[in-house]
Amino acid sequence: MARYIGKRLIYMVITLALIATFTFFLMKILPGSPIASASKLSPEQRAVVEARYGLNEPLPVQYFDYMFGLLKGDLGISINQFKGANVTDLILSRMGPSAQIGFQGMILGTIIGVLLGMVAALRQNTWIDYSSTLIAIIGISIPSFVFATLLQYWLGVKLEWFPVALWKDGFMSSVLPSIALAMFPLATAARFIRTEMIEVLSSDYITLAKAKGSSGFEVAFKHAFRNALIPLVTVLGPMAVGILTGSLVVEQVFAIPGIGEQFVKSIMVNDFSIIMGTTIFFSVFLIVVILIVDILYGIIDPRIRLSGGKN
Amino acid sequence: MKNSKLFWLMSLVLVLSAFLAACGGGSEEGSETPEKEKEDGTSTEAPAGEPDAVQELNLMEGAEIPSMDSAIAEDSVAFNILNNVNEGLFRLNQENVAEPALAEGEPEISEDGLTYTFKLRDANWSNGTPVTAQDFVFSWQRAIDPATGSPYGPYMMAGTIKNATAISEGKMDKAELGIEATDEKTLVVTLERPVPYFMSLMAFGTFYPQNEAFVTEKGDAYASNSDNLLSNGPFVLTNWDGTGLKWSMEKNAEYWDAETVQLEKINVDVVKEPGTAVNLYTSGEKDRAGLSGEYALQYADNEEVIKELEPTLFYLKFNQERNGEKTPLANENIRRAISLAFNKQDLTDVVLANGSLPANYLVPTEFTFDESGADFREVNGDMNEFNAEEAKKFWATGLEELGETEVTLELLGGDSELAKKMDEYLKSQLEENLEGLTVNLKAVPFNVRLELDEAQDYDIQNSGWGPDYQDPMTFIDLFVTGSSHNLMSYSNPEFDKLIEQAKGELAQDLAGRWDAMAKAEKILIEDDAAIAPIYQRGVMSLQKPYVQGIVSHPFGGDYSYKWAFVSGKE
């Protein structure tokens with residue numbers, strides 16, 4: 001196991017270096033200048049401003065400068081969104097709110113989704129199954145923008161149960177955005193669990209368990225659910241990364257100081273160091289989660305062997 | 001008097017608000033009166049002018065603060081806050097006329113109009129140290145120093161303040177800049193050429209002073225959050241962590257004119273989604289919300305709506321030379337045909353519907369006034385108004401001259417919903433009125449458009465410009481031959497000469513200069529049809545009736561809260 005993880009860690013570093021390299025050069029192909037008022041400056045003056053951010057150097061020099069900084073954990077400074085602000089600090093300060101609503105949304109969505117999926121599978125082809133499927137379809141198909149706006153209008157403005165927007169009332173502020181984010185994992189979990197459960201419930205060992213006199217509850221949770229989890233874990237991992245690292249739409253609608261919105265904005269305005277910083281941050285997150293998911297497979301289902309049977 | 005028109009407007013507003021108050025009261029008996037409206041009705045009935053005990057405003061901004069360093073700032077959010085927490089030699093007053101602020105009275109101006117001697121009033125920074133003439137010298141030199149990397153420093157100073165151009169290009173030491181502190185309270189500024197609008201420049205953020213000791217002590221951390229900032233204006237910035245979505249402005253007790261300032265605190269949150277801003281306004285959390293796009297249409301008849309005209313002008317640029325080859329737009333009749341062929345009134349009323357005005361001019365209306373207070377627009381009036389019949393005639397002549405029956409042109413524009421909608425409309429108008437014309441739309445993000453503009457890689461471009469100082473020149477000199485904003489190969493020696501005269505020999509002959517600029521505008525639009533004006537931007541906002549005295553400005557910071565107060569909220 002330790003050897004396996006060690007090997008994976010080395011792969012992770014290589015993957016990261018490749019991602020950073022590709023992003024760096026792709027980003028430099030982006031049209032437009034990071035100097036916001038470029039249109040107002042003469043070419044000489046613009047050259048002076050660019051030199052301040054090292055943008056006048058040849059591309060390979062810029063690349064090695066950046067990678068060398070990266071090795072030391074330095075993500076550089078923002079060029080135009082927060083002039084001179086340290087990108088590491090920016091990411092750290094923006095990560096909290098994104099992670100909080102993402103985590104809450106993920107937990108809420110997964111729990112409700114799993115329950116819905118299980119009930120639907122156990123009561124296949126009844127009204128319970130149909131309404132659970134309907135909820136899953138709605139959750140997948142309504143864009144989060146519409147859902148977030150509706151939540152804000154009805155639960156915030158009309159009923160006044162929760163703050164309309166802004167990040168200042170602690171947990172209460174996080175409720176609506178979390179619900180908005182929960183819809184997607186909810187729908188996904190419900191669909192996967194239902195499909196898998198139906199398949200698992202018809203397999204031989206379930207029949208055996210029933211024949212041995214296990215109660216319906218025991219069969220459902222102890223035998224069927226565990227096996228139905230595998231495909232869910234596969235999709236939930238990467239989805240968790242997407243949600244925990246913030247959603248442009250939900251953060252924007254609820255005016256939350258999160259990181260998802262920064263990522264998109266930085267590309268729009270060519271703020272190179274923020275593009276790089278957020279991309280690397282997301283990549284690290286994703287790679288680590290994939291590793292965790294792989295390890296989880298082994299725990300959930302011992303039949304899946306991680307190290308390819310060498311040991 | 002420059003102010004007469006505004007005074008007249010103000011009194012009209014007062015009379016109108018009295019009417020509105022009466023109406024508001026009456027609507028209480030109306031059949032469909034939700035609770036919200038009742039509250040508003042009563043609040044407008046309260047006598048405006050009696051400030052409440054609690055003086056706190058809750059406002060929103062559309063973006064974060066990129067930098068609070070006046071030498072580095074280049075965006076509207078930062079300039080707006082700078083205008084409220086800092087102050088320069090002059091400040092735009094409630095009538096948008098630059099009046100002495102840190103300067104004690106008008107400066108002494110030398111005969112040749114090149115040397116200004118300012119006396120400073122006794123004023124303090126928010127840490128209690130006095131604002132000195134040296135603070136100005138320090139900040140101006142810092143803004144022009146290439147090492148600072150200031151975008152607006154060179155832009156505002158080059159060609160205006162003595163030696164600024166050479167210093168900004170690293171060819172001269174910053175100590176050579178035309179600014180000198182002869183003693184603690186005396187500042188002597190030397191200009192490159194006489195600048196008739198110099199006072200209004202002094203109200204612009206880039207020319208604010210900075211406390212040398214403080215800036216040096218903080219080093220790179222200067223202006224990185226509200227603790228690393230000093231104010232010398234009506235308010236102090238607080239609760240700003242440098243990258244966050246919220247901040248406050250609190251009354252500055254050290255401000256020399258603190259007794260005028262009534263607001264104790266302004267709480268600002270960044271809300272980027274227009275719908276969210278409206279919801280926060282409706283739920284009563286915020287006192288003012290901008291209305292854009294569909295929200296402008298939806299709330300157009302709401303009685304809490306205020307409309308403001310901005311001095312920002314949008315126009316079509318006709319590129320006469322692309323990739324070294326002449327475009328069909330090099331033909332004057334083709335250009336004129338296009339500039340006459342779209343209905344601007346319908347565009348502003350139906351497509352934009354946000355209080356914008358159709359523009360048949362370049363220099364915006366309600367922006368600059370001559371000595372007698374007459375709007376620059378009264379001199380030149382309207383040019384190239386929509387006229388489909390005329391357009392068709394010019395089009396036919398133009399095609400004949402080109403020897404073509406069909407022309408395909410690319411229209412380059414922004415990628416916002418509104419910009420796309422507008423360009424669709426222009427395309428349909430042009431293709432409908434000009435037979436044989438095909439318009440291909442190209443929608444790109446702002447910085448990509450700048451790049452294409454610079455490479456002169458477009459046929460027609462939907463472009464906009466806002467002023468950087470209060471003078472028609474900020475618009476007109478964009479189009480002189482070889483200007484870094486021309487970028488469409490327009491060149492008319494007569495036009496260039498008028499601009500040169502206005503900047504040179506006529507600089508101190510105000511009437512003659514005004515006349516030269518008016519003639520130049522006429523040549524540009526009417527004679528040459530070099531550009532086709534489209535509209536002057538208007539903005540609509542919702543504002544609670546208890547909010548009083550927010551002043552909006554045509555350039556520099558968008559708003560002043562110095563004179564604002566809350567009346568009738570409770």
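Select A:Glu160 first: this residue follows helix α6 of chain A and has a positive phi, near 55°. Helices here are DSSP runs of H or I with at least four residues, strands are runs of E with at least two, and both are numbered from the N terminus. The model is predicted, with local features requiring pLDDT of at least 70 and side-chain atom pairs pLDDT 80 or more, while totals for chains, interfaces and linings use all residues. Residues are numbered from 1 along each chain as its sequence is written, and chains are lettered from A and ligands numbered from 1 in the order in which they are written.

**Helix α6 of chain A**

Step back to residues 144–158 of chain A, which form α6; its 15 residues should span 21 Å at 1.5 Å a residue, and the end C-alpha atoms are 20 Å apart, which agrees. The expected span is 1.5 Å times one less than the number of residues.

Now pick A:Phe147, A:Ala148, A:Leu151, A:Gln152 and A:Gly156, which are buried in α6(A). Buried means that 20 or more other C-beta atoms lie within 10 Å of the residue's own, exposed means 12 or fewer, and partly exposed is in between, with C-beta atoms placed from the backbone. An α-helix has 3.6 residues a turn, so residues three or four places apart point the same way. The buried residues of α6(A) pack against α7 (171–201) and α10 (248–253) of chain A, and against α9 (274–282) of chain B.

**Annotated segments**

The unreviewed UniProt entry annotates "transmembrane region" over several stretches of chain A, including residues 9–30 and 134–155. UniProt positions follow the numbering used here, feature names are shortened, and annotations may be inferred rather than shown by experiment. Residues 9–30 of chain A are 95% helix and 0% strand, with end C-alpha atoms 31 Å apart. For residues 134–155 of chain A the figures are 91% helix, 0% strand and 22 Å.

Select A:Ala180, which touches A:Ser144, A:Phe147, A:Ala148, A:Leu151 and A:Val250, leaving aside residues up to four places away in sequence. Contact means C-beta atoms, placed from the backbone, within 7 Å.

**The A–B interface**

Show the 39 residues of chain B that are in contact with 39 residues of chain A. On the chain B side, α5 (152–157), β10 (265–270), α9 and α16 (446–454) each supply at least two residues. The most come from α9(B), with five residues.

**Two loops**

Which residue sits in the loop between α10 and α11 (260–268) of chain A? Select A:Ala255, which lies there and has a positive phi of about 50° although it is not a glycine. A:Ala255 counts as buried because it has 26 C-beta neighbours inside 10 Å.

Finish at B:Asn384, in the loop between α13 (376–380) and α14 (388–402) of chain B. B:Asn384 is not a glycine either, and its phi is positive, about 50°. With 19 C-beta neighbours inside 10 Å, B:Asn384 counts as partly exposed.

Terms used. Contact = placed C-beta atoms within 7 Å.
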